[in-house]
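Please open the model in your viewer and keep the selection panel at hand. The tour moves from pocket to ligand and then to a loop.

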Amino acid sequence: MRRAVCPGSFDPVTNGHIDIVQRASALFDEVVVAVGVNKSKNRLFSAEERIEMLREACAGFDNVRVDGFSGLLTDFCTENGIQAIVKGLRAVSDFDYELQMAQMNASLTDVETVFVPTSPEYSFLASSLVKEVAMFGGDVSALVPAFVHRALTERLAERATAEG
Ligand code: PNS
C-alpha cells in the first residue's frame, strides 16, 4: 500500500489545495490530508472547522481521508505508515523553504517528499491572500469551494462586528 500525506494549515482550504489532493490521490493508493493543529494565534478557522471543511471538499475522492495532527509531521507519518509527503510548488520562491523542510523531514524519518507543480490557474493562490482579499471585499468566489466561500464571508462579518 503506497500511502501519502498532504499536510497543511488549510485556513481555509482553497481550490489549489484540492487540485493537489486530487492529483496525489491518482498517484497513491491512499492519501491522508493532515491538518496541522499546532497552536497559532492567527487562524481564522478552528482546527475542527478546517478539518470539517476538508472532509466536505474531499468527499468525492474515494481514497482520501482527512485527519488532524499536532507535533511533528514525521511522527504522524511514522504512526500512520506514510511513505511520502506531497507538497504543491507554486513558484521558485516556494522551493527554498520546501527543500529545507523536505531534507529535515528525511533526516528525521524514512519519508520521501514529492513535489507536485501547482496547476497554472492556481499558481498565485494562497489561503493568506484569499483571506486578505475577502476581508477587503474582493471577490474570491472562484478560488475556494462555494461552502468555504460562505463560511469565509460569515466569519469575516462576525469578526468585523466583534471588532466594531
Ligand atoms: O499550509 P502550511 O502552513 O504551509 O503548512 C505547514 C505545515 C503544517 C505542513 C508545516 O508547518 C509542518 O509540517 N508542521 C508540523 C511541524 C513540523 O513537523 N515541523 C518541522 C518541519 S521540517
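Begin by colouring S1, helix H1 (15–27), helix H3 (73–79), strand S4 (84–89), H4 and helix H5 (127–135), each of which supplies at least two residues of the lining of the largest pocket; helices (H or I, at least four residues) and strands (E, at least two) are DSSP runs, numbered from the N terminus. This is a predicted model, in which local features need pLDDT of at least 70 and side-chain atom pairs count only at pLDDT 80 or more, whereas totals for chains, interfaces and linings use all residues. Residues are numbered from 1 along each chain as its sequence is written, and side-chain values use heavy atoms, with hydrogens and water left out.

Stay with the largest pocket, whose volume is about 1,100 Å³. A pocket here is an open set of points on a 1 Å grid over the protein atoms alone, where a 1.4 Å probe fits and protein lies on both sides within 12 Å along at least five of seven lines, and its lining residues have an atom within 4 Å of a point. The volume is the space filled by probe spheres set on the points, which are joined across faces, edges and corners. Of the 37 lining residues, select Pro 7, Gly 8, Ser 9, Lys 87 and Glu 98, the closest to the centre of this pocket. H4 provides the largest share of the lining, 7 residues, and by class the lining divides into 16 nonpolar, 14 polar and 7 charged residues.

Now show the ligand, which takes up the space of the largest pocket. Around the ligand, select Pro 7, Gly 8, Ser 9, Asn 38, Phe 69, Gly 71, Leu 72, Leu 73, Met 101, Met 104 and Asn 105, a shell counted by heavy atoms within 4 Å of the molecule. This shell holds 6 nonpolar and 5 polar residues but no charged ones, and H4 gives the most to it, with 3 residues.

Next, move to the second largest pocket, with a volume of about 180 Å³. Its lining includes Asn 42, Arg 43, Lys 131, Glu 132 and Arg 159, and H5 and helix H6 (146–162) each supply at least two of the lining residues. By class, this lining has 4 nonpolar, 1 polar and 5 charged residues.

Finish in the loop between S1 and H1, where Phe 10 lies and has a positive phi of about 55° although it is not a glycine. Pro 12 lies in the loop between S1 and H1 too, and the peptide bond from Asp 11 to Pro 12 is cis, with omega near 0°.

Methods. A molecule sits in a cavity or pocket if more than half of its atoms lie within 2 Å of its grid points. Ala, Val, Leu, Ile, Met, Phe, Trp, Tyr, Cys and Pro count as nonpolar, Asp, Glu, Lys and Arg as charged, and the others, Gly among them, as polar.
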